[in-house]
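Look over the sequence and the structure first, then read on.

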Amino acid sequence: MLYVVLFFTVFSFFLYVLLGGADFGAGILELFSSADHKKSIKKTVYSVMGPVWEANHIWIIILIVILWIAFPAFYNVIIIYLHIPLTLVLLGITLRGVAFVFRHYDAVKDRSQLLYDRMFEFSCLVTPIFLGMSFGTLISGNIIIPENPAEANFADVYIHPWLQPFPILAGCFFSALCVFLSATFLIGEAKEYEKRMYMRKAGIATFVVVILGFITLATGYLEDNKFINDLLKNYYAIGAVTLSGILLYPLWRSIRAGRTIWCRFLAGSQVLLVLWAAVGTHFPNLIITKTGPVSLLDGMAPDSVIQVLGISLIIGGLLILPGLFHLLKSFKMIKILEDEKN
Amino acid sequence: MDNLDAARMQMAFTLIFHIVFACIGMVMPFFMVISHYKWLRTKNPIFLTLTKSWQKGVAIFFVTGAVSGTALSFELGLLWPKFMIHAGPIIGMPFSLEGAAFFIEALALGFYLYGWNKLPKRFHLFTGVIVGISGVASGILVVSANSWMNAPSGFDYINGEFLNIDPVKAFLNPAWFTQALHMTLAAFVATSFAVAGIHAWQIYKKRNIPLHKEAFKIAIIFGAIAALLQPISGDLSAKDIAQRQPVKLAALEAHYETEKGAPLYIGGIVDEEKGTVSYKIEIPKALSFLSFGDFNAEVKGLNDFPKEDRPPVAITHYAFQVMVGLGTLLMFSAVLYFISLKKKKWQESRKYWLYFALLSPIGFLALEAGWIVTEVGRQPWIIHNVMRTKDAVTPMPGMIYSFYMYVVLYIILTISVTWLMARQIKVLNHTDS
């Protein structure tokens, strides 16, 4: 059962990054677009993500719940020492969610739309930065677990670990990754005349992702970050990252040829390869503190809990995944039928 | 305010808001589905307009409920890490099932909102029913996790360690049924009276009367039935608390001296220093009867418990009075509604509509008061008789700033949601149907 639980942990993490990430990316795309493009992006995003918009963000709740049930000690480190960035993530998630629904369900469409738009775009930019920063902090080796929390210096323990070049770069990298995902996902949904716009944006995003990825890795290497050093020494990890880089070529070809499904598949796999490299090299020691690694499996919940959780997850998965698949598929079908009609 | 109190205030504050959003998101889908069903049956366009308008309400409240719920799932850990490290695995089962139920609700809502004229009619209606059912299910599951804090079970607490964990037993803890029943009914009462009240106000103001009358009819019936059932469920809860948490019972009744044939206090001003209650109305032997079904049963008083194990008495007592008082008012209003079905003349009077309009916030006030009773009444424990709240709080100082941030955020959210609803109604009144 432990493997079932681990599978769902990784699965919900990956899905959140892919689907939630693409959602965030859409808002960032909107932010960095001219007024004309903004409108069309808004429309496309709504038609594609509307029906699943909330579902995409439930993956993080599932992930958090699995972590606290099955891996409470590991979760405790995250939740205590990343209190501030995570609170900012929450602020962003809240503002983003309400702005998205307000702008589509406000009965009167007037100037308040502008405010919703700004709120949506801005929180879409900020939230993944803090998410990436949180992840970056966990693997940075900056976290200090004080022996006596009462005497610890506030700034040293709760602020400095995440307010460092490496976590900040990781945050920016994740944001760029979101834009990359979103732009490649949206190409297939766009009308013919908009395709060029998305292609250009996807191109820019790819460029930024590669550059930021390189800078982040380089910073980690120069700071003598254990996680990055191990990653660079691990052949599988290097293989995965290289493969992800090589896949850029077929991705570019399929974008040009307008092969929607391939685009998504390739972009998704590239992100997963990078994540796999990052998570895989150090598994299960996914947190690295000043004093040493913290394993996901340290202080794990007892077997009875893992059993019940595994069964709940299987049942939940059996109920949810077909529904989700059907939701995506049926609206896709409807969209295709409508397009044919037009 | 010290760190502990700031964390407590933040938790209370965010829960107070989340509960409102969550209850509306739980109950309104049922109104929407009934109206939708009536539209399919009668083809009266009023019902279509109403369904579409309520569906927007459901969408807005669902999302505010969802994001405030996401915030809460983090806050449990952010504020009470020492609680979560032990309790997380034990009460994980209801939480993981709740995650699944919530996910299904989100999927079904996606189908529903975007399915107009696209999905087969019956299937479309069915997805709306699923939204409602899974909403109620997730509400019940979350309450089960809360009831475990009142009635910890499914583990052995030996030398400060939680051993022999049985998640199923923890899930089906002794308090889960009474609490879940009471809360589900409360959600229906509060939301129904609130929605019905808003439509009653529109009728009072003579705006689009045919539509608002239909809306009122659909909304009030749920609340009226639930309000009549609620006292029975309240009685079950009281008897349960008397057995399991006698100190909470003593606090909510402000009952200091242990006695046989204990009287029930109504109202009164509590002096926690002296341990007295003045200006109260006493009903002889009623507390013994209500708690144990025996007029001469012994009810333990607060003085029998060590000072450090007692909850804040005044707040708990006042909140309890407010809950019971307002609940009773709503019960009588439900009776009034059923009589008005026979005496049609009443419904022609504007006073009738004004009365129901004024009732609209009452259900939610009672519901919040009830949660204050449960939560404050459990203090100083976060897990009853096992872990104290002060031992669970995060070691990070400066929680007060986090509290201020949430206050600002949620006040803005509330203002904007209210404003959006007002705009919905305005538009609704200008549609021709």
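Two residues are in contact if their C-beta atoms, placed from the backbone, lie within 7 Å. Helices (H or I, at least four residues) and strands (E, at least two) are DSSP runs, numbered from the N terminus. This is a predicted model: local features need pLDDT of at least 70, side-chain atom pairs count only at pLDDT 80 or more, and totals for chains, interfaces and linings use all residues. Residues are numbered from 1 along each chain as its sequence is written, while chains are lettered from A and ligands numbered from 1 in the order in which they are written.

Q: Which residues of H13(B) does H1(B) meet?
A: H1(B) brings B:Leu15, B:Ile16, B:Ile19, B:Val20 and B:Cys23 to this contact. From H13(B) come B:Phe364, B:Leu367, B:Glu368 and B:Trp371.

Q: Is H1(B) oblique or roughly antiparallel to H13(B)?
A: Axes are lines fitted to C-alpha atoms, for helices over the stretch in contact, and angles run from 0 to 180 degrees between N-to-C directions. Under 35 degrees counts as roughly parallel, over 145 as roughly antiparallel, 65 to 115 as roughly perpendicular and the rest as oblique. H1(B) and H13(B) pack at about 130°, with their axes 11 Å apart. That angle makes H1(B), relative to H13(B), oblique.

Q: Is the crossing of H1(B) and H13(B) left-handed or right-handed?
A: A crossing is left-handed if the near helix is turned anticlockwise from the far one by less than a right angle, and right-handed if clockwise. For H1(B) and H13(B) the crossing is right-handed.

Q: Are H1(B) and H5(B) roughly parallel or roughly antiparallel to each other?
A: Helix H5 of chain B covers residues 121–150. The axes of H1(B) and H5(B) come within 9 Å and cross at roughly 155°. The two helices are therefore roughly antiparallel.

Q: Is the crossing of H1(B) past H5(B) left-handed or right-handed?
A: Among the residues in this contact are B:Gly25 and B:Pro29 of H1(B), and B:Gly128 and B:Gly132 of H5(B). The contact divides into 12 nonpolar, 6 polar and 1 charged. The crossing is left-handed.

Q: Where does B:Lys43 lie, and is B:Lys43 buried or exposed?
A: B:Lys43 lies in the loop between helix H1 (3–42) and H2 of chain B. Its phi is near 60°, a positive value in a residue other than glycine. A residue is buried if 20 or more other C-beta atoms lie within 10 Å of its own, exposed if 12 or fewer, and partly exposed in between; C-beta atoms are placed from the backbone. With 9 C-beta neighbours inside 10 Å, B:Lys43 counts as exposed.

Q: Is B:Ala254 buried or exposed?
A: B:Ala254 sits in the loop between helix H9 (246–252) and strand E3 (259–260) of chain B. B:Ala254 is not a glycine, yet has a positive phi of about 50°. With 26 other C-beta atoms within 10 Å, B:Ala254 is buried.

Q: Which element gives the most to the side of chain B that touches chain A?
A: The contact takes 51 residues from chain B and 52 residues from chain A. Elements of chain B that give two or more residues include helix H2 (45–79) and helix H15 (399–429). With 15 residues, the top giver is H4(B).

Q: What is the radius of gyration of chain B?
A: Chain B has 15 helices and 8 strands. The radius of gyration is taken over C-alpha atoms; the globule rule is 2.2 Å times the number of residues to the power 0.38. For 433 residues the rule gives 22 Å, so chain B is as compact as a globular protein of that length, at 23 Å.

Q: How much of chain A do buried residues make up?
A: The secondary structure of chain A comes to 14 helices and 2 strands. Of its 342 residues, the buried ones make up 50%.

Note on methods: Nonpolar A, V, L, I, M, F, W, Y, C, P; charged D, E, K, R; others polar.
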